[in-house]
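Thanks for coming. I will go through some strand pairing and then some ring contacts. Please have the structure open.

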Amino acid sequence: MQEHAESRQDNRLISFGCAAAITRLMISICFLSFIPYSTDAAVENVTAPKPVETSQASADEDEDFLICKHADQLYQDDKKGFTVLTGNVELEMSNGFLNADKVTLYRNVETDKLTETIAEGNVQMKEGQAIASSDRAVLNHIDDIVNLHDNVVVIQEEDRLEAANMIFNRRTGVQTAEGKPVKITRPDGFLNGNRVEIYKNLETDEITKIIAQELVEMRDEDIFATSDYADLNQVDDTVDLRENVVVIQEEDRLEAKSFTYNRRTGKRVGKGSVKFRVRISQKNEDEQESNNEQ
């Protein structure tokens, strides 16, 4: 009977698959739904809890987790504290997912806690409302920071960001993208710059502010502008441009040291060496068209 129970336990551990490659802490949680019940006659009549409900309750209580849903191959070195997953790797996280060709998990051997996750090749990641892709991703579980490297694309709602590299601080909600240039495409225009910082509300996961620096170019509906610095406040719906500002709207052109405008009210303020050109009328063109008709 004991050999039979051990055989059942081995089979269930194998069916658990690559989830055993995460940390022992996660294993102890997830194994609650896979521990075989005793076949002793005195115990068989006892109503056992449903495994799915037990597993779900444990997962809900955990604020942060990482579970492997699929990998073609696993290699683990328990003494050195790392696990390598290769081939169509799919990881489920507490706030999204992480997919890649190869994922390496590092843990602290003494504390048995996961310290770092490195994903390589065709990386796809979901974090809250944002979906990102890149060639490489490094998740630092100690500092709670995500680094995306090479060919980074991040999509959130209707905004699309393209950059060479991007750092996301989960604790502060700040995303910092770098590239020449970083490109943000929006429904009402675009924003380019060599460095872009995106600020989020951690509770709502909504973008509150975007700051672009160095060789900034932006289009906002019918306005095109260039500057060294741009601050787009998503909460107040205001735009603040600074240093070497040029604003073009249709045939009007403004140059200033700084320029701010409110999208809601339409109010605009330019300061510092202001130069302005505006078309007064279409008189000459109207006269030309009249002469042509005659």
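Tyr75 has Val84 as its bridge partner in E3. This is a predicted model, where local features need pLDDT of at least 70 and side-chain atom pairs count only at pLDDT 80 or more, while totals for chains, interfaces and linings use all residues. Residues are numbered from 1 along each chain as its sequence is written, and side-chain values use heavy atoms, with hydrogens and water left out.

Strand labels, then. Strands (E, at least two residues) and helices (H or I, at least four) are DSSP runs, numbered from the N terminus. Two strands pair if DSSP finds at least two bridges between them.

Strand E2 covers residues 73-77 and pairs with E3 in the antiparallel sense over five bridges. The two form a hairpin with four residues between them. In that turn, Gly81 has a positive phi of about 80°.

Strand E1, residues 66-70, is also antiparallel to E3, with four bridges. Here His70 stands opposite Glu90 in E3.

On to E3 and E4. They run antiparallel and are joined by 10 bridges. The hairpin between E3 and E4 passes through two residues. Across this pairing, Thr86 stands opposite Lys102 in E4.

Now the rings. A pair of aromatic rings is described by the distance of the centres and the angle of the planes. The rule used here takes rings of Phe, Tyr and Trp (its six-membered ring) as paired if their centres lie within 6.5 Å; planes under 30 degrees apart count as stacked, over 60 as edge-to-face, and the rest as tilted. How many aromatic pairs does this rule give? The count is three. One of them is Tyr75 with Phe82, a tilted pair at 6.1 Å centre to centre and 45° between the planes.

Phe82 also pairs with Tyr106: the centres are 6.4 Å apart and the planes are at 40°, so this pair is tilted. The pair links distant parts of the chain, with Phe82 in strand E3 (residues 82-93) and Tyr106 in strand E4 (residues 96-107), 24 residues apart.

Tyr75 is at 48%, so it counts as partly exposed. Tyr106, at 34%, is partly exposed too.

Key
Buried means under 20% relative accessible area, exposed over 50%, partly exposed in between (1.4 Å probe, protein chains only).
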